[in-house]
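Please examine the structure shown below before reading the report that accompanies it.

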Amino acid sequence: MVTLAVITVVAQGTQTTVQDLAGRPGLWDVGVPPSGAADELTFALLNAAVGNPDTAAGLECVLTGPVLTCDEDRLVCVGGAVRNATVDKLRLRPGMVIRWPAGSVLDIGPLDGPGMRGYVAIQGGLDVPRVLGSRSTFILGGFGGHGGKPLEAGDQIPLGRQENLLSPLSVELPTMSDSWQLRVIPGPHGAPEHLTAEGVDAFFANSWIVDHRSDRTGVRLIGPTPGWARTDGGEAGLHPSNVHDSAYPVGGIMLSGDTPVIVGKDGPSLGGFVVPAVVIEADRWMLGQLRAGDSVQLVPVTLVAATEAIEHRRRWLTDLRQEPTSVAVSTGTPSRPELLHHGEQSGTAPSYTIRCAGERHLLVEAGPAELDLTVRVWIHLLAQALRENKPAGVAEIVEGVRSVLVAVDSSRLSLAALAERLAFLAAGLDDPETVVLPAREVVLPIAFDHPEAHEAMRRYATSVRPDAPWCPDNVEFIRRVNDLDTRDEVFEIVQAATYLVVGLGDVYLGAPVAVPVDPRHRLVTTKYNPARTWTPQNAVGIGGIYLCVYGMEGPGGYQLVGRTVPVWRLSPSDEQPWLLRQFDLIRFTPVSAEQLAHERAEIAAGRADLKTTPATFSISDVRRIEQEAPVDIATVRARRRAAFEAERARWGA
């Protein structure tokens, strides 16, 4: 038996994790982020410097790096925000490859800027187990890397073998700064539907400041209020930033209320916010180096400029013996989203648009900006058709409520060619009114008014926005904006409803976004502005007319009503850790907090599962309810709309 060499953590850094380059793509549609190195350019260069293949794992750290020893001589190279690294107190220059003698002490030191994250590449890479295809750590999900956690003093990480390695290289690392220009492609959302033309111009003209509440999930920017072209998001929520849940690309700049947040490598895949721009692939590495207080200029560029930039990057990484040349930042480009195709309403098909969401994604949006379950079924049929007729180069297909986001490998497939394929498939879809979809009825226990939900409200009011109209009690806010007489009526409606799962991965890890099949059960509310920084695992919340079960601890914006059991269970025996599926029908049964704790533990341990029975869903189910109670439905909608308008008037006052 061969004994592998190990590195030992003598002293932990602020947050040191194992990451690899590619992360775990292919699971965005169920809410698993890619993870991987936040500064992918520096990471790739350092791996090449020590002769590692681009699949090797290394270390990423923030603020303060770790102190390490190794029991075998290995080559090592550091970079990114690392400025003060030493080996046995001798300074180690970033980008310089040295032999790290066995037993000597590598101290990465403080990362005090410029830049935010430091990287350590070790010859042979780090030999931690792959989880869902990657060695990368996803801390919020608790998996990958070294037990899903940051490294601690005393941890030992095995190294890969020193065989079949490439020749070490000297590399030129990208320059760190405290003032950044991020090239972006405008859209997929913009003027005149969501922002005014002047609002879009100001969005790109303004210099933004990086907020201290930024991390691997997203980079928050501080600046002026966006110039909105509308007063609210309708059924999607009270704020004009709210849209019916749609998938985000990594690098997408969502407007979470009035706050721009750039989606990071550990960011959410699905959410209900406007996305006015996407950082281009060639500049995405900078997101890993943005530090609190840094200034950021968003520079709109064309698809052509973005393509040239990433091709330059690929040439740089292919021939590392050549020094990189600078690429000029293109300016003076149109600030409107680029429309690739418009499909007119025809027969049983809704109208739809296909727009760029950066140069690696396109977004199909169908029908008017409102909930229509017929449109949701049509989107599902389009996504299924693409899965069955997928051209080489399609990397991700993520369904939203009235949209589908498709990611491509830009070196293999152009967005124009993909748009053409989608338009062809759209012309041949079945009538969504006639389709019967296989489903399950799932019964979930729920503890209304759970203490952890109230703890999330308390933290928000204490540290984020004490004057928010949903503070101190989200349920009271829901009661008020739906013109209900008592708080208990909120819980009674949630209990009476049958919820249709119309999206997965809304706030991570198989978390469902669902809507009541019966319109009378659709409570209308809004999302937090800005979002919470902490939400308990499996909290149940309502945003717009949608309900979500949070897959894990993390940020969030829905108004919380309670807590339920896990909807994600990852163990070595689980090939499919997400427990819910598209178009499942969910019902809730109230239990005490104590009973819920027991059921949560049983499911987490694999001793129990969700209670399911076979079912189907079709639009005829919705039509039957509409025909049985048209007056009741119209009355409830009018009453809630009036309460919604009254709440918005109070905000204005």
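## Basis of the report

The structure is a predicted model.

## The barrel and its helix

Seven strands close into a barrel, and their order is E12-E19-E16-E17-E14-E13-E20. The pairing within this barrel is mixed. On average, neighbouring strands of the sheet are turned by 40° against each other, direction ignored. Helix H2, formed by residues 197-205, packs on the sheet. Its contacts are with strands E12 (179-186), E13, E16 (252-256), E17 (259-263), E19 and E20. The direction of H2 makes about 130° with that of E20.

## Aromatic pairs

In one of them, the ring centres of Phe43 and Tyr119 lie 6.0 Å apart and the planes stand at 80°, so the pair is edge-to-face. This pair links distant parts of the chain, since Phe43 belongs to helix H1 (residues 40-49) and Tyr119 to strand E10 (residues 117-122), 76 residues apart. Phe43 has a relative accessibility of 3% and therefore counts as buried. Tyr119 is likewise buried, with a relative accessible area of 0%.

The rings of Trp470 and Phe477 also form an edge-to-face pair, because their planes are at 75° with the centres 5.9 Å apart. Trp470 is buried at a relative accessible area of 1%, and Phe477 counts as buried at 1% relative accessibility. Elsewhere, ring pairs link Phe138, Phe143, Tyr508 and Trp568 into a cluster.

## Charges over rings

The charged end of Arg459 sits over the ring of Trp534, at 3.8 Å from the ring centre. The charged end of Lys527 sits over the ring of Phe273, where the corresponding distance to the centre is 5.9 Å.

Where in the chain does Glu281 lie? Glu281 is placed in the loop between strand E19 (277-279) and strand E20 (295-300). Both of these strands belong to the barrel described above.

Is Glu281 buried or exposed? Its relative accessibility is 16%, so Glu281 counts as buried, the cut-off for burial being under 20%. Apart from neighbours within four places in sequence, Glu281 is in contact with Glu40, Ile310, Arg313, Arg314, Glu359, Arg360 and Ser410.

Conventions:
Residues are numbered from 1 along each chain as its sequence is written. This is a predicted model: local features need pLDDT of at least 70, side-chain atom pairs count only at pLDDT 80 or more; totals for chains, interfaces and linings use all residues. Side-chain values use heavy atoms; hydrogens and water are left out. Helices (H or I, at least four residues) and strands (E, at least two) are DSSP runs, numbered from the N terminus. Buried means under 20% relative accessible area, exposed over 50%, partly exposed in between (1.4 Å probe, protein chains only). Contact means heavy atoms within 4.5 Å. Two strands pair if DSSP finds at least two bridges between them. Axes are lines fitted to C-alpha atoms, for helices over the stretch in contact, and angles run from 0 to 180 degrees between N-to-C directions. Rings of Phe, Tyr and Trp (its six-membered ring) pair if their centres lie within 6.5 Å; planes under 30 degrees apart count as stacked, over 60 as edge-to-face and the rest as tilted. A charge sits over a ring if NZ of Lys or CZ of Arg is within 6 Å of the ring centre and within 35 degrees of the ring normal.
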